[in-house]
Amino acid sequence: MTDSEGLWIRILSEVKKQVNIQTYKTWFEKAKEFSLVNNTLTIEAPTKFFADWLEQHYKSLLEEISYNLTGQNIKIDFIGSSKNKSKPSLKKSIIDFTNYAVLNSRYTFNHFVVGKNNHFAYSAAQAVAEQPGKIYNPFFIYGGFGLGKTHLMQAVGHYVINNKKKKKVLYTSTEDFTNEMISAIQTNTTINFRKKFRTYDVLMIDDIHFLAGKEGSQEEFFHTFNTLYNSKKQIILTSDRRPKEIQDLQKRLISRFEWGLLADIKRPNLETRIAILRQKCEEENIILKDEIIDFIADNFDDNIRQLEGSLIKILAFSSYKNIQTEQIKIDDVKEILSDLMIKQKKTINLDLIQEEVAKYFKIGKNQIKELTRKKEIAIPRQIAMYLSVKLIPHISLLEIAKHYNKKDHSTIIHAKKNILNMLTNDINLKSKIDEIIENINE
């Protein structure tokens with residue numbers, strides 16, 4: 001019996017005491033140990049959906065139980081079952097273990113659903129994977145939450161690992177990069193830190209916008225970037241916005257991020273959402289009626305994680321009721337997903353739009369209503385008016401005008417026309433407005 005098996009059995013024994021029998025049978029009975037490496041216990045669930053559910057609902061409970069049993073901070077991770085997985089060996093090189101431990105096995109090109117919203121980014125990622133370091137360097141992917149940026153980035157990593165055997169790949173988050181840098185400074189191991197990040201053939205860093213305002217991390221990453229770029233090593237970055245729109249980021253970094261290719265991923269349209277749901281169902285052997293898939297796709301249009309979350313809830317319902325998913329009716333789904341739908345369709349009003357626009361441009365909420373023609377106030381005000389018309393279709397122009405202390409609706413018409421004219425010539429403005437809309441929807 002391995003250490004991981006022994007620990008997991010003890011954890012399960014405690015779990016039985018804290019959850020009801022149905023919950024235990026549904027979520028824990030089929031989960032089994034996978035590995036115990038460096039105080040990280042990896043648990044294999046029957047499917048990715050089970051793994052996601054355990055991660056979301058029971059991770060903290062399991063880690064608390066493991067601490068009580070061992071007196072150590074054991075991190076617990078979950079993976080979905082796969083026939084091709086093999087346990088990682090400590091005898092492998094660091095890079096082999098890193099690749100296995102960090103890259104999500106599902107985040108490959110084969111599992112990426114291509115639509116109008118991401119076709120350009122997908123094609124560019126394939127080109128980068130074929131010739132890392134030679135074209136599109138750096139490769140900068142940006143877009144809103146849950147749209148597939150990390151999936152596409154890791155797909156490149158998987159391809160390089162499987163097809164470019166001599167290439168070393170590292171994937172990490174900006175948060176981890178920063179934390180490792182701080183730790184290296186505290187322990188006087190900065191040489192090892194730099195060696196680690198500057199010796200890879202492909203460096204992938206997620207959520208690079210979190211470098212904003214962190215001068216020390218920006219300085220370190222600047223030199224790491226230069227070393228890799230000059231050595232013709234591939235750099236791939238993701239962000240929730242374009243480089244120029246990341247505030248409190250050094251201009252020299254912004255400049256370097258724009259040396260290569262910028263590719264954005266937008267929200268998926270209805271057809272793409274349906275295709276995503278069908279692929280997820282096929283991967284997990286879930287059979288749902290077409291009307292149910294259409295219903296989910298029609299009601300959750302913000303990001304892919306909403307779609308996955310909906311399927312997880314339906315799968316949980318199926319397990320709890322002990323019925324096959326093909327037996328689930330549309331009325332059941334409406335009830336199952338009712339709480340998610342309430343969050344999805346929250347009310348957007350004038351105050352919310354005014355607040356989010358002001359927050360984005362870093363001005364006071366009431367400043368936006370000031371009677372001034374200063375550009376730093378006038379443009380945000382016109383954007384707020386434009387978004388009010390766009391996002392609240394049933395509101396009258398006069399009502400919007402009164403909200404902004406204007407006498408009649410002509411001001412709103414002028415603001416809308418001005419913003420539309422600016423949008424035809426200013427790509428950056430479009431990105432800003434898209435981001436504000438995402439903030440409002442979230």
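Here are some questions and answers on this predicted model.

Q: How many helices and strands does the secondary structure of the protein come to?
A: This is a predicted model, so keep that in mind throughout. Counting up the secondary structure of the protein gives 20 helices and 8 strands.

Q: Why can the protein be called as compact as a globular protein of its length?
A: Start with the span of the C-alpha trace, about 80 × 60 × 40 Å along the principal axes. For 442 residues the globule rule gives 22 Å, and the protein's own value is close to that, so it is as compact as a globular protein of that length. The radius of gyration in question is 25 Å.

Q: How are α7 and α9 set relative to each other: roughly parallel or roughly perpendicular?
A: Helix α7 covers residues 174-186 and helix α9 covers residues 215-230, and their axes sit 10 Å apart. They pack at an angle of about 95°. Angles of 65 to 115 degrees count as roughly perpendicular, and therefore α7 and α9 are roughly perpendicular.

Q: Which residues of α9 make the contact with α7?
A: On the α7 side, Phe-177, Thr-178 and Met-181 take part. By class, the contact has 3 nonpolar, 3 polar and 1 charged residues. The α9 side brings in Gly-216, Ser-217, Glu-220 and Phe-221.

Q: Which elements give two or more residues to the lining of the second largest cavity?
A: The lining is made by Lys-48, Phe-49, Arg-106, Lys-280, Glu-283, Glu-284 and Glu-308. Sorted by class, that is 1 nonpolar, no polar and 6 charged. The elements giving two or more residues are α3 (48-70) and α11 (270-283).

Q: Which residues lie nearest the centre of the second largest pocket?
A: This pocket holds about 600 Å³ of space, and α2 (21-28) and α13 (304-321) each supply at least two residues of its lining. The lining has 23 residues in total. Nearest the centre are Lys-30, Phe-50, Leu-315, Ser-318 and Ser-319.

Terms used. Residues are numbered from 1 along each chain as its sequence is written. This is a predicted model: local features need pLDDT of at least 70, side-chain atom pairs count only at pLDDT 80 or more; totals for chains, interfaces and linings use all residues. Side-chain values use heavy atoms; hydrogens and water are left out. On a 1 Å grid over the protein atoms alone, a cavity is a set of points where a 1.4 Å probe fits but cannot get out, and a pocket is an open set with protein on both sides within 12 Å along at least five of seven lines; lining residues have an atom within 4 Å of a point. Helices (H or I, at least four residues) and strands (E, at least two) are DSSP runs, numbered from the N terminus. Ala, Val, Leu, Ile, Met, Phe, Trp, Tyr, Cys and Pro count as nonpolar, Asp, Glu, Lys and Arg as charged, and the others, Gly among them, as polar. Grid points are joined across faces, edges and corners, and a volume is the space filled by probe spheres set on the points. Axes are lines fitted to C-alpha atoms, for helices over the stretch in contact, and angles run from 0 to 180 degrees between N-to-C directions. Angles under 35 degrees count as roughly parallel, over 145 as roughly antiparallel, 65 to 115 as roughly perpendicular and the rest as oblique. Contact means heavy atoms within 4.5 Å. The radius of gyration is taken over C-alpha atoms; the globule rule is 2.2 Å times the number of residues to the power 0.38.
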